[in-house]
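Have a look at the structure first, then read on.

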Amino acid sequence: MHTLPTLRKIFQGVAARHEMYRMFNRHRGDPGWIAGDAAHLFAGEWFEIAEAEHDYMFEILPPLFLRGDLFALREFMTGSVTSIFFALAIDGRRRWFHGYCDLSDRDSPERMKAAIIERESRPVRGMTRDERLEHIWSSTHDDYRGYAGERWLASMRGRRTVLVYAERFGTVLKLLDELTDAEIAAKLPVQLRHLPETIAA
């Protein structure tokens, strides 16, 4: 039975070109990537880009397919997962997005498009806890993030870690999903720290 991936926003705001390329490589070093099993890492991820980045990616290679407001890259990230680029009208304004879809599920591009429109049409600008954590992971330099290795408990190995400042200990590595609200706020850009917390749909 085909398990549908979780559709998730991984960056708040419009990603510049260098940020877009960083997110293409955001799972480098993950044990699944190293083992050649990375489809679950990418499938379902999406973020907003500018029109210039959308058009730039369209011109790199002939697309695998083109369907009105979306096109797929010919080169696959892993297995049957590839980049899909969207040009969508949301609340009367044109916006552009990148997402990873598993094309073994033919409906995945349309399902992602619907999820993006639903998420970006919400009247209150806010972020879920998961979106905050994903933004931190996407925007943290490789030198300050990693994966729990042999020095960690067996149950923690392979999970994502980030460097945080702890008053008593200086800088320490901590599991990303165990950051406190205060640590999350400290690692977010100032303009995102006070956005209301929203509940995942």
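How do the residues of the lining of the largest pocket divide into nonpolar, polar and charged? They split into nine nonpolar, four polar and 14 charged. Keep in mind that this is a predicted model.

**The largest pocket**
- This pocket has a volume of about 680 Å³.
- Its lining takes in 27 residues, and Thr6, Leu7, Arg8, Asp130 and Glu134 are the ones nearest the centre.
- H6 gives the most, with four residues.

**The second largest pocket**
- Here you'll find about 220 Å³ of space.
- There are 13 lining residues, with Lys9, Gln12, Arg95, Glu120 and Arg125 closest to the centre.
- E1 and H5 are the elements that give two or more residues to this lining.
- E1 has the largest share, four residues.
- Sorted by class, the lining has two nonpolar, three polar and eight charged residues.

**Two packed helices**
- Helix H1 (residues 17-24) packs against helix H4 (residues 51-60) at an angle of about 60 degrees, and their axes are 10 Å apart.
- That angle makes H1 oblique to H4.
- The crossing of these two helices is right-handed.
- On the H1 side, Arg17, Met20, Tyr21 and Phe24 make the contact, while H4 brings Ala52, Glu53, Tyr56, Met57 and Ile60.
- By class, this contact has seven nonpolar, no polar and two charged residues.

How values were computed: Residues numbered from 1 in each chain as written. Predicted model: local features only at pLDDT ≥ 70, side-chain atom pairs only at ≥ 80, totals over all residues. Heavy atoms only, no water. Axes fitted to C-alpha atoms, helices over the stretch in contact; angles between N-to-C directions. Parallel < 35°, antiparallel > 145°, perpendicular 65-115°, else oblique. Left-handed = near helix turned anticlockwise from the far one by under 90°. Contact = heavy atoms within 4.5 Å. Nonpolar A, V, L, I, M, F, W, Y, C, P; charged D, E, K, R; others polar. 1 Å grid on protein atoms, 1.4 Å probe; cavity = no way out; pocket = protein on both sides within 12 Å on 5 of 7 lines; lining within 4 Å. Points joined across faces, edges and corners; volume = space filled by probe spheres on them.
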